[in-house]
Amino acid sequence: MNLEKLKYLFYSALLISVAAGFMVTSHPYFWWESLPAFYAVFGLTGSIIIAAASWIIGRYLVRRGEDYYD
Amino acid sequence: MIEPVHPAFIFILGGLLLPLLRNLRLKQAYLLVLPVLAFMSLYSMPHGTYWTYRLMDYTLTLGRVDALSRVFAFAFLVIAFCALLYGLHVKEDGHQTAACMYAGSALGVVFAGDLITLYIFWEVMAVASAFLIFYRRTEAAVGAGMRYLMVHAFGGICLLAGIVMYIQATGSYAFNSLDYGIPGTFFILLGFLINAAVPPLHAWLPDAYPEATVTGIIFLMAFTTKSAVYVLIRGFTGLEILMWLGAMMAVYGVVFAMLQNDIRRLLSYHIISQVGYMVAGVGMGTYIALNGSIAHAFNNVLFKGLLLMCAGAIIYATGKSRFTELGGLYRAMPLTAVLFMIGALSISGVPLFNGFTSKPMIMSAAGELQNSIIYALLVGAGVGTFLCIGLKIPYLAFSGDSPGLKIRHPPLNMTLAMGLISALCILIGLYPQALYGILPYDAAYTPYTPGHVVGEVQLLLFTLWGSLMLKSIIVPKSDIALDFDLFYRIPGRTFIWFVSNPVANASSQIAAFFTMIKDYMLWFLRNPQTSAALFIQLLYPGNYRLKDTAEQNVSKRVIHRSPIGDSVTLTLAFTSIYTIYYIIKGGEQFTGALYPVLAWAVFGGVLLIAAAVFAMLFVVPAITFAIIQTRKINRG
């Protein structure tokens, strides 16, 4: 199995998971949970926000050389 | 039926007796039998109160067995068995004893029925666990271990102060729900929160854990934070601030985990995130939330233990722990890679693995409370979990090209422990009733609903997609990330500098002054008359050979010697003064008009002589000494 095939498999898995979201009935606690593909959007934006937040905190606040405390 | 023995004592005494065994195989068998014995003992006692002892005016309850303490004890015994198996090859008895005592004291905390017993086991736990860090025997480990010990000593003091104030205020020392607002509960809570590693009191954890031994960190991961979750459930169920603190720390942990370059430091930050879920559940306080916290604590010791075991296997095999020095390990250590992925999928909450059976329970509790912010924070922390453990570590450690690492294969017992624990992860994932059956609160929960499974899969797949687009961001650099420990490491260093420079200098100045007085007394008392003579020489240098005497060590040269010894002279002088004093004060039996006049005259005369002698003997030589010293210094 090469990388190209894996890529197609991955994208089809993304599509299937979104499509499945329209088919199942969920019991949402909040109105926005019942939006179509809500968790897909949450996962995508959430991962970007967390990676970006940690990058920004590291870049401007906490990253130091390994010998900082020596 | 056999009388049950307190599981804590099985571990503590068992650990202390371990060094008496001489044979390695025997020791290994013995270590594995300990948790089995404790397990049998635990299940031979029904719910109730055991082992009460009187200590002065207090009745200590060492064994309160109910559903809550039992489920935590069960989790601790499972992980103790796995961790002992994982560390079976360790040949240092001290390390194994510390591990056993640590596990035992954690069990003691879980079964403690009163605050005094709790405090005792709490402190044993802190000290025993520090040795699992010290035994790494590196400079960094000793430093981190000391900081760890200091923080926990502070936490212990807070707990003790809180307990004393609480007993003063209420007269009760039973360890049940502590009403926040009673004096002292604040300090008890502070002590608990330090052990639960709630930011900003968390920095000890990612500071110390990555410096621990490969096997020690499995114990550290399991006991301190999870027993803190237990005591929070016991004491502070439903305290709303805990819900916010927990959700905040769940996110804080993953954001900082993303920044780390050391594999075990990343996992340590992630412990904070995971404990955040549990603390949030305690803060919510509903039955489903508490069950969720407990189930998550149980699952967490399994999958986090598995992840740290795999990380330990990597460190054991390569001697490296930084991502910048690792890579391509999938080819060299395929089994470790697969087991790590089981742990990573479990912790990320992938359906069919055990994380999925407990984490959504806490989220559902937040949903039932209609608290959307907490809910979103917890889901977001789940995204971060998958990002840093499910994706970052495998991408950096297992995939890619190997930077030419030499592999020393870990011993069989380590692999066995990893296999056993990953089997448990999958077992609970497939058959969650095994876990739900032992949860203490009455709240039904079904994890595998279609909506739930689909939502979770969507979340994780799109997180994966997002991270693939952000690959360049998660590549580490060889650096460290500052954290709140900065606030005691830098002042701590300043304090050490202050003590070892200004304070030490001042004290050596004072010491030098008194040493000088001592030198003078020695010099003078060896021959008081010589010193007096020297003074005269100083005043009239032309008549005497001052230069010679001053330049040589005068204490050794005798210039004048009195017919009777100096000490005899002194004795005589003091005796005379005393005699005169006696005549005046004690002489009522003497009579006569002139007597007082005579006596005063004699006394006055002797006083004058004494003053002169004193001046000759003490003041004059002191000046002499000083002048000689000054000349010596000037010449030098």
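Helices (H or I, at least four residues) and strands (E, at least two) are DSSP runs, numbered from the N terminus. This is a predicted model, in which local features need pLDDT of at least 70 and side-chain atom pairs count only at pLDDT 80 or more, while totals for chains, interfaces and linings use all residues. Residues are numbered from 1 along each chain as its sequence is written, chains are lettered from A in the order in which they are written, and side-chain values use heavy atoms, with hydrogens and water left out.

**Pockets**

- On a 1 Å grid over the protein atoms alone, a pocket is an open set of points where a 1.4 Å probe fits, with protein on both sides within 12 Å along at least five of seven lines; lining residues have an atom within 4 Å of a point.
- The largest pocket holds about 970 Å³ of space, a volume being the space filled by probe spheres set on grid points joined across faces, edges and corners.
- It has 24 lining residues, and the closest to its centre are Leu3(A), Leu6(A), Leu391(B), Leu464(B) and Leu468(B).
- At least two lining residues of the largest pocket come from each of α1 (3–23) of chain A and α14 (334–348), α16 (372–398), α19 (450–469) and α20 (471–474) of chain B.
- The lining of the largest pocket comprises 19 nonpolar, 3 polar and 2 charged residues (Ala, Val, Leu, Ile, Met, Phe, Trp, Tyr, Cys and Pro count as nonpolar, Asp, Glu, Lys and Arg as charged, and the others, Gly among them, as polar).
- The second largest pocket, of about 830 Å³, is lined by 35 residues, with Glu66(A), Ala140(B), Glu211(B), Arg265(B) and Ile480(B) nearest its centre.
- In chain B, α6 (139–170), α8 (204–208), α11 (263–284), β3 (479–481) and α21 each supply at least two residues of the lining of the second largest pocket, and α6(B) gives the largest share, 5 residues.
- The lining of the second largest pocket has 18 charged, 11 nonpolar and 6 polar residues.

**Backbone geometry**

- Most residues other than glycine have a negative phi, and most peptide bonds are trans.
- The peptide bond from Pro199(B) to Pro200(B) is cis, with omega near 5 degrees; Pro200(B) lies in the loop between α7 (185–195) and α8 of chain B.
- Trp51(B), in strand β1 (residues 48–55) of chain B, has a positive phi near 50 degrees.
- Arg137(B), in the loop between α5 (115–134) and α6 of chain B, has a positive phi of about 60 degrees.
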